[in-house]
Amino acid sequence: MAMPSSSAAPDRTPLGVWPGTAYPLGATYDGAGTNFSLFSEVAERVELCLIDDRDREQRIPLDEVDGYVWHCYVPAIGPGQRYGFRVHGPFEPERGLRCDPSKLLLDPYGKAFDGQFDSHPAPYTPGRDSLGHTMTGVVINPYFDWADDRSPKRPYHETVIYEAHVKGMTVTHPEVPPALRGTYAGMAHPAIVDHLRGLGVTAVELMPVHQFLQDRVLLDRGLRNYWGYNSFGYLAPHHEYAANPAPGAAVTEFKAMVRALHAAGIEVILDVVYNHTAEGNEFGPTIGFRGIDNAAYYRLVDDNPQHYMDYTGTGNSLNVRHPHTLQLIMDSLRYWVLDMHVDGFRFDLAATLARELHDVDRLSTFFDLVHQDPVVSQVKLIAEPWDVGEGGYQVGNFPVLWTEWNGKYRDTVRDYWRGQPATLGEFASRLTGSSDLYETTGRRPGASINFVTAHDGFTLADLVSYNEKHNEANGEGNRDGETYNRSWNCGVEGETDDPAVLALRARQQRNLLATLLLSQGTPMLLHGDEFGRTQRGNNNAYCQDSELSWMDWSLMRTNADLLAFTRRAVALRTAHPVFRRRRFFDGRPAPEHAHPGDIGWFTPEGTEMTAADWDNGFGRSLTVFLNGDAIAEPGPRGERITDDSFLLCFNAHDEPLPCTLPDPDHGAEWTVALDCSTPTGAPPDRVYHARTPVEVPARCLLVLRRTA
């Protein structure tokens with residue numbers, strides 16, 4: 001059946017309306033007027049609604065239809081104009097059809113949005129007009145002075161990623177003006193940019209900035225969707241992160257942020273959520289996609305299409321089998337690269353995008369499209385390689401061009417440093433770029449995005465302070481969040497003033513940071529880990545838009561030693577190509593050298609590791625030799641790369657251990673480059689000789705550099 005038209009009495013004052021064009025989709029201002037275009041295969045009639053500042057609408061029938069795209073051009077309509085659509089057609093949920101002209105629908109191609117959703121039932125109730133209770137689209141001014149902006153285009157092996165939240169990074173910074181805190185302009189402020197540059201990171205990976213929805217269930221509990229994994233506007237920057245409240249101002253402000261970060265040599269990567277939308281399941285609100293063309297945009301249950309397939313745990317999954325949905329995703333990606341100048345994307349729950357039928361297919365249409373696209377294929381593409389569906393854990397299985405959040409790296413490094421048995425062999429694999437996961441697919445070490453912590457889970461400080469999650473503040477009875485965290489509280493759960501426990505926790509943080517930053521692959525730091533940010537044991541702070549999740553910049557002083565250590569470790573990686581090779585180790589000596597190879601593995605006694613040593617379930621110590629004279633890959637101009645050689649002495653035992661330095665190059669001398677047993681990692685001024693023992697403190701990584 002068809003839904004009755006809205007009972008509202010719209011203003012139908014005639015405007016000069018031209019036919020316009022079917023492409024580009026969305027609202028496109030050309031300097032004289034605006035072209036409006038909307039896809040709907042199921043619609044019987046579509047109206048463009050122009051909304052004034054008192055929420056009064058003027059409806060314009062879209063009489064031109066080409067290939068299921070409804071369109072018109074309205075002269076003199078320009079930037080700042082608020083708008084939406086009403087789609088007339090069948091409302092038959094049992095067949096997956098949910099057209100409802102009482103709903104003011106948001107443009108899937110909208111480049112800016114204005115207003116807020118409220119808790120009124122209209123968006124959830126068929127037949128009730130949602131105007132005034134939903135957001136509106138905004139026509140934007142596409143023109144911006146990029147000056148001489150250029151992407152830094154750093155290769156993966158030179159990249160250090162910093163995962164950050166626009167609001168959380170800036171909302172409490174004392175040097176950011178109050179009016180700019182929590183905004184894109186705040187992220188572009190010199191205080192934030194200088195911190196990033198001082199840390200040595202080369203890319204910020206911003207948690208979702210696509211326009212997202214505040215969940216009614218969270219608002220009813222006095223909480224908010226802080227993380228933003230609830231998108232509905234795939235071409236629009238989230239408007240609450242704009243310092244300027246004017247409709248559409250977020251676009252210009254976002255561009256200015258990118259320009260400022262690029263000027264500092266920092267790339268911008270967006271965390272994008274193309275696997276589901278904010279409309280949720282059949283009980284969620286109708287705000288756009290559902291009312292425009294439900295079956296085109298969403299995966300419906302085949303034999304019961306009133307219900308939605310849910311591979312994400314959030315109510316629905318986008319229908320990447322439909323060509324127009326694929327077009328929306330690809331148009332969105334190209335827009336952010338070409339118009340907004342971003343440098344790459346991290347795809348949330350990317351395995352969902354690989355589901356053409358039911359199983360995950362890494363060669364699905366979406367990945368084929370990305371692979372051949374001349375724009376999208378040239379930026380950084382990072383997969384979160386899992387979802388909650390059957391067979392959804394796909395670490396190592398994404399195609400060439402793609403890098404992956406390496407969950408196996410996270411788990412193995414956590415287990416090693418907390419003293420779990422039987423981790424030595426896998427630890428070695430993760431340390432050297434996870435060739436077991438990536439080499440056979442034609443990829444290189446940079447395909448492994450190495451991380452120990454991320455937004456989802458404990459912060460680094462909490463990882464060494466809590467055995468159990470403490471999510472009571474989320475209002476779900478501590479049932480939410482991951483239960484098995486591979487964490488260790490160092491003997492006391494949570495806050496303590498025990499100096500021995502505090503010292504051990506600080507050392508464990510340094511061990512984890514140093515391991516991360518000196519591993520082959522692409523390291524990713526979680527914002528605030530560099531100075532001990534805590535969420536007090538909350539490992540699922542998605543709804544905590546509060547000081548619990550925000551950066552506490554006073555920790556820069558309180559934990560100044562940890563910040564100095566992190567900077568030192570990043571600088572060590574940056575200065576030495578032996579820690580960031582483009583190719584995997586092969587273990588074979590170069591013909592022109594007498595050294596044992598590009599890498600060597602030694603026991604604490606200074607002998608080469610044997611199969612029995614690797615199989616020792618209780619082995620917790622080893623020494624790794626990285627040969628700076630055996631880097632096989634050439635530099636960017638074909639030059640031979642040489643570097644210092646290093647020994648990484650790992651000791652995860654709870655006792656100090658004498659480590660006899662191996663002598664791979666005969667008569668070598670070594671100095672300490674990084675000492676995880678000291679608060680800042682500063683090395684002692686001492687020379688060590690090969691074949692002599694060096695005491696490695698309990699639970700410590702000691703990095704030595706060859707000097708002779």
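Reply: Let's start with Arg346, which is buried, with a relative accessible area of 0%. (Buried here means under 20% relative accessible area, exposed means over 50%, and partly exposed is whatever falls in between, using a 1.4 Å probe and protein chains only.) Keep in mind that this is a predicted model, where local features need pLDDT of at least 70, side-chain atom pairs count only at pLDDT 80 or more, and totals for chains, interfaces and linings use all residues. Residues are numbered from 1 along each chain as its sequence is written, and side-chain values use heavy atoms, with hydrogens and water left out.

The partner of Arg346 is Glu384: the two form a salt bridge, with their closest N and O atoms 3.2 Å apart. Arg346 belongs to strand E17 (residues 344-347) and Glu384 to the loop between strand E18 (380-383) and strand E19 (403-405), so the bridge ties together parts 38 residues apart in sequence. Glu384 is buried too, at 7% relative accessibility. As for terms, a salt bridge is a side-chain nitrogen of Lys or Arg within 4 Å of a carboxyl oxygen of Asp or Glu, while helices (H or I, at least four residues) and strands (E, at least two) are DSSP runs numbered from the N terminus.

Next up is Asp545 with Arg224, another salt bridge, whose closest N and O atoms are 3.2 Å apart. This pair links distant parts of the chain, 321 residues apart: Asp545 is in the loop between strand E21 (522-526) and helix H14 (555-558), and Arg224 is in the loop between helix H4 (216-220) and strand E15 (231-237). Asp545 is buried at 18% relative accessible area, whereas Arg224 is partly exposed at 28%.

Then there's Arg486 and Asp411, whose side chains meet in a salt bridge at 3.4 Å, N to O. Here, too, distant parts of the chain are linked, 75 residues apart, with Arg486 in the loop between helix H12 (460-463) and helix H13 (499-518) and Asp411 in helix H9 (residues 407-417). Arg486 counts as partly exposed, at 22% relative accessibility, but Asp411 is buried at 17%.

Some bridges also join up: Arg45, Glu47, Glu57, Arg59, Arg86 and Asp129 form one network through salt bridges that share partners.
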